Amino acid sequence: SMAQWFSDSLRTAIAAVNPFAARAQVQGIAPGVVNHQLALTAFRSSGMMRKVITVPAEDRVREWRDWQAEKPQIELIEAEEKRLGLVAKVRQAEVLRGIGGGALILAAPGLPTEALRPETVRKGQLQAVNVVSRWQITGRDYVKELTDPAFGTPRVFEIAGDGQQTRIHPSRVICFRGDPLPAGAGLSEEDAFWGDSRLVRVLREVENSDDAQRWFAELVKKAKLLRIGIPDLADMLAMPGGQAKLEARVATIATGENVLNATVFSSASSKEGAGETITDYQVTWAGIPAMMDAFDQRVAAVADIPFTRLMGRSPAGMNATGAYDDQNWAKTVSAGQQLETRPCLEQLDPILLQSAGVTNPSKVTWRWAPLWSPTEKESAETFKTEMEAVTLLQNSGAIPEEAFNRGVQNLMSEREYMPGLDQALALLPKNIRFGIAPENDGTDPSAITQSGNGSEGGDQTVSPTTRGAGGSNGAPARAVNDGTEAQ
């Protein structure tokens, strides 16, 4: 009936804008009761939650890492990383870390229950790096001896697959865990091992932000509604045929609004009394954007992500703090890379380097690539400063010419100041490329052979053993314009 419809709609509207209804349903989730389905539901159902979890994960691996080794070795390593899809796998594991925990499973030679020793891995034998969540693997036989370096970690993992449990040695499992929880919190060994979850920490704030957005959306819908005041509504419904009459009158008004773009209502008359009163719903919008930003700022604060990074803009009504926020966020990401992501990769790298075919893995190191690229102006200023320092170093004569040239060429290659430089230098003989001094052939370095009759304009050939090409006396060669006086 119309009366029932009106009553139900009113109840629905009140429930939609009631700030106490949602709070009565969920007041946060304790770490000990988070299961796989609940965590994934919270992650997938909220765009804000997804962003809070994925932003740190993406920024940690976005620029990846720079290997410090000979170029052929670097090419082997990068090819192996690409074959395994390592960047995407680590990103996925970092997302799982934020949700509750994840791990990389190394598919390598040997029985799964045996320890994986890097020296036993040959080129190409790291078959795959697979990602699992903490709910897909279970730790068994946790170390309880306080003096054991492995205290609090399992001696073996179990993973379900094909209807059976497979036992895996911890050396084949790289765990991406959350922040450690306080000791003596009364949690299970499993929950204590995996630690705190970013999702649990920000859940309530994200709920508040999502609720504010939802209530505002409901308010926008409500602002379009007409307010129809029907005189003697109760008496009309009590009369025979009153419900049909009410429905017809409301239908007429709705038709006028939607089809005729006009409001049709009964005007007042002495016989019928006052007609319908039709008004638009009035909403005061002032202050609503600032209130919504306040909820989002709380999310950013608890998630430890700058508002400008999380939302892509500065808060409404506040001064922009983008540059300052970028600096703080770079420090936060770098701390996460060093304290959480790097230990996981260092567990993987000995296996990775062996599988890549690197000849001397112990000599290979790496560092995180810069998170943000400099502007063209900044790059030009850096290049100028570096070249001035290089010139001063060259003039000092402290470094032999060949070693100096190798270092400068490597610097230019790493900075990529001159595209194609490596290929161009590779075409040159080594004695020309690196300025290697020729062996002493007994000639006078200062000798100049005159061709022709010695008259003006005659050809002059400078001996290849002059000081400019690296003296035979072992002195380091100098640039032509380095200001060195002839001796």
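Predicted model: local features only at pLDDT ≥ 70, side-chain atom pairs only at ≥ 80, totals over all residues.
**Figure 1. The whole chain.** Residues are numbered from 1 along each chain as its sequence is written, and side-chain values use heavy atoms, with hydrogens and water left out. The chain has 17 helices and twelve strands (DSSP runs numbered from the N terminus: H or I of at least four residues for helices, E of at least two for strands). Of its 487 residues, 31% count as buried (under 20% relative accessible area; exposed is over 50% and partly exposed lies in between, with a 1.4 Å probe and protein chains only). Take the contacts in the chain with a separation of 6 or more: 66% of them come from residues 24 or more positions apart (contact means heavy atoms within 4.5 Å).

**Figure 2. Ile-174 and its surroundings.** Here we are in strand 7 (residues 173–176), where Ile-174 sits. With 0% relative accessibility, Ile-174 counts as buried. Leaving out residues up to four places away in sequence, Ile-174 touches Gly-102, Ala-103, Leu-104, Leu-106, Cys-344, Gln-347 and Leu-348.

**Figure 3. Ala-103, seen from strand 2.** Ala-103 belongs to strand 2 (residues 102–107) and is buried, at a relative accessible area of 0%. Apart from neighbours within four places in sequence, Ala-103 has contacts with Asn-130, Val-131, Val-132, Ile-137, Val-173, Ile-174, Cys-175, Phe-176 and Trp-194. Ser-133 is another landmark for this view: 30 residues from Ala-103 in sequence, with 6.2 Å from C-alpha to C-alpha.

**Figure 4. Two cysteines, no bridge.** Searching the whole structure turns up zero disulfides (a disulfide being a pair of cysteine sulfur atoms within 2.5 Å). Cys-175 is in no disulfide, and the nearest cysteine sulfur, that of Cys-344, is 8.0 Å away. Cys-344 is in no disulfide either, its nearest cysteine sulfur being that of Cys-175, 8.0 Å away. Cys-175 counts as buried at 15% relative accessibility, and Cys-344 counts as buried at 7%.

**Figure 5. The largest pocket.** About 1,500 Å³ of space lies in this pocket. For the record, a pocket is an open set of points on a 1 Å grid over the protein atoms alone, with protein on both sides within 12 Å along at least five of seven lines, whereas a cavity is a set of points where a 1.4 Å probe fits but cannot get out; lining residues have an atom within 4 Å of a point. Grid points are joined across faces, edges and corners, and the volume is the space filled by probe spheres set on the points. There are 39 lining residues, and the closest to the pocket's centre are Asn-410, Ser-413, Glu-414, Arg-415 and Glu-416. Strand 1 (65–68), helix 5 (71–84), helix 14 (376–396), helix 15 (401–415) and helix 16 (421–426) each give two or more residues to the lining. Helix 15 gives the most, with eight residues. By type, the lining divides into 14 nonpolar, ten polar and 15 charged residues (Ala, Val, Leu, Ile, Met, Phe, Trp, Tyr, Cys and Pro are nonpolar; Asp, Glu, Lys and Arg are charged; the others, Gly among them, are polar).

**Figure 6. Two loop residues with positive phi.** Most residues other than glycine have a negative phi. Trp-64 has a positive value, with phi near 60°. Trp-64 is in the loop between helix 4 (47–61) and strand 1, and is buried, at a relative accessible area of 10%. Asp-304 also has a phi near 60°. The loop in this case runs between helix 11 (288–303) and helix 12 (307–311), and Asp-304 is partly exposed, with a relative accessible area of 48%.

**Figure 7. Glu-205 on helix 8.** Glu-205 lies in helix 8 (residues 198–223). Despite its charged side chain, Glu-205 counts as buried, at 10% relative accessibility. Not counting residues up to four places away in sequence, Glu-205 touches Arg-298, Val-299 and Val-302.
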